[in-house]
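Try each task before reading its solution.

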Amino acid sequence: MTDFTVRHPEEHERRPTQNMVARALHYRPFTDEQWAFGEHLLSAERTFGAYEDGLPIGMTSSAAVDLAVPGGQVPAAAVAWVGVRADRTRRGVVSELLTTQLRDCRERGEPVAALHASEATIYGRFGYGVSCQAKYVVVDRTRARMRADVPSTGSVRLLSDAEAPTVPREIYRAIDLHRPGMITRDEPWWRWGHDRVLERDGRLVAVHRDHHGVDDGFAVYRPVSLGTFEQPVAGGALDVVDLHAANPGALAGLWRFLLSIDLVAKIRVKSRPVDEPIDLMLEDPRAATVTGLHDHLWIRLADVPQALASRTYAHAEPVVLEVRDPRLPENEGRYRIGPDGVERTSADAGLTLDVDTLGMLYLGGWPASALAGIGRVHAVDPSALTRADALFSWARPPWCGTDF
Ligand SMILES: CC(C)(COP(=O)(O)OP(=O)(O)OC[C@H]1O[C@@H](n2cnc3c(N)ncnc32)[C@H](O)[C@@H]1OP(=O)(O)O)[C@@H](O)C(=O)NCCC(=O)NCCS
């Protein structure tokens, strides 16, 4: 049994602690140049380290964000940099760290924690559920032609090196959080997630401007050679790493531009919304292949009553949910949920479920009836399923679209 303490890192411990996680995630330790970006990424007061004999053996951190939920936004912890030193795993280190972090979220008034998982088997036991999926798509550019009826609402320009850091920030802010699951990006995120990668491998940024002169979408992409030693002329790919559009016209315009770039055989996009109609914009929809459909944003309700009260519900008769949460027992109980709001109740439960499954329902990504069908929701009263399906539903599937 390892003897360790969980606490915030002291100033001199920040870099060694982040280096330890970098190693756990199979990255190299921070170079001085990376640290210039990395040192501001995480705030010490939102970081928890596990220390054994004064040395870091585990860490978790989070950023304060606003998360879009159906009908509004909620303060949330965007959890990242979770890792345990390889020779100290399976001794309860991350369990202690993540539980401490969830209690900290509640105290900060952040009722929701969110993350992207390296492995889908880790976080369910800590009460996180897959709120939405995202798709990976490869477009065969040699076959792909845009349909003539796809709207054309503006034009695309490539940003200069001077504009590339700033303009996407402005567009992302103006686009706003228009889907449940989207989060705000703070300045440290932009420096680490955007400026650093532009500098590191010279990524390009294309911007769509509508007919009224408003910039309403951007795509950050990187050309990659598909050639091998044996086949040097196999062509190239474009990897699109960050793409946001305020409307379908901007999305179509950015795709029209990407498809027009010469010397490209494939365009690869990752983590796109499940309902984004890339294939349907093409004369031959099979020129676009979905190569993966994965868990995207994991949601944990750290403060169940606060979180439930922070979203709106569609019109339907109320339903009573009984929530189990052994890790944070203060969340346990019955909640009456209806279009007028949420309250604790002693009434009989219509549905019972664990808090990770509630995280799956929360953004409207999965109907309760589908989760009941796979044993994740127990319907004490079967009619409650139809009501819960209606109450939690939302017009657009959730999607985050920000790597963190
Ligand atoms: C994943 C990781 C953080 C787990 O840390 P840990 O300290 O070993 O976890 P714990 O000892 O607290 O384990 C808690 C439980 O989770 C299980 N578990 C831990 N890691 C797991 C994994 N990768 N897959 C499946 N189960 C896992 C443990 O078996 C244990 O189960 P139990 O409660 O039934 O006994 C650690 O292995 C690690 O750093 N991995 C590499 C980096 C990484 O993947 N980080 C996550 C980034 S999103």
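**Exercise 1.** Find how far apart the C-alpha centres of domain 2 and domain 3 lie.

*Solution.* Start with the bounds, which come from an automatic or database domain assignment: domain 1 covers 5–110, domain 2 covers 134–294 and domain 3 covers 303–392. The C-alpha centres of domain 2 and domain 3 are then 37 Å apart.

A note on the ground rules: this is a predicted model, where local features need pLDDT of at least 70, side-chain atom pairs count only at pLDDT 80 or more, and totals for chains, interfaces and linings use all residues. Residues are numbered from 1 along each chain as its sequence is written, and side-chain values use heavy atoms, leaving out hydrogens and water.

**Exercise 2.** Describe how α4 and α5 pack.

*Solution.* First, locate helix α4 at residues 167–175 and helix α5 at residues 187–201 (helices are DSSP runs of H or I, at least four residues, numbered from the N terminus). Next, take the geometry: the angle is about 125° and the axes are 11 Å apart (axes are lines fitted to C-alpha atoms over the stretch in contact, and angles run from 0 to 180 degrees between N-to-C directions). Finally, list the contact (heavy atoms within 4.5 Å): Pro168, Arg169 and Tyr172 of α4 meet Glu187, Trp190, Arg191, His194 and Asp195 of α5.

**Exercise 3.** State what the protein spans along its principal axes, and count its helices and strands.

*Solution.* The C-alpha trace spans about 65 × 55 × 40 Å. The secondary structure comes to ten helices and 19 strands (strands are E runs of at least two residues). The radius of gyration, taken over C-alpha atoms, is 23 Å, close to the 22 Å of the globule rule for 404 residues, so the protein is as compact as a globular protein of that length (the rule is 2.2 Å times the number of residues to the power 0.38).
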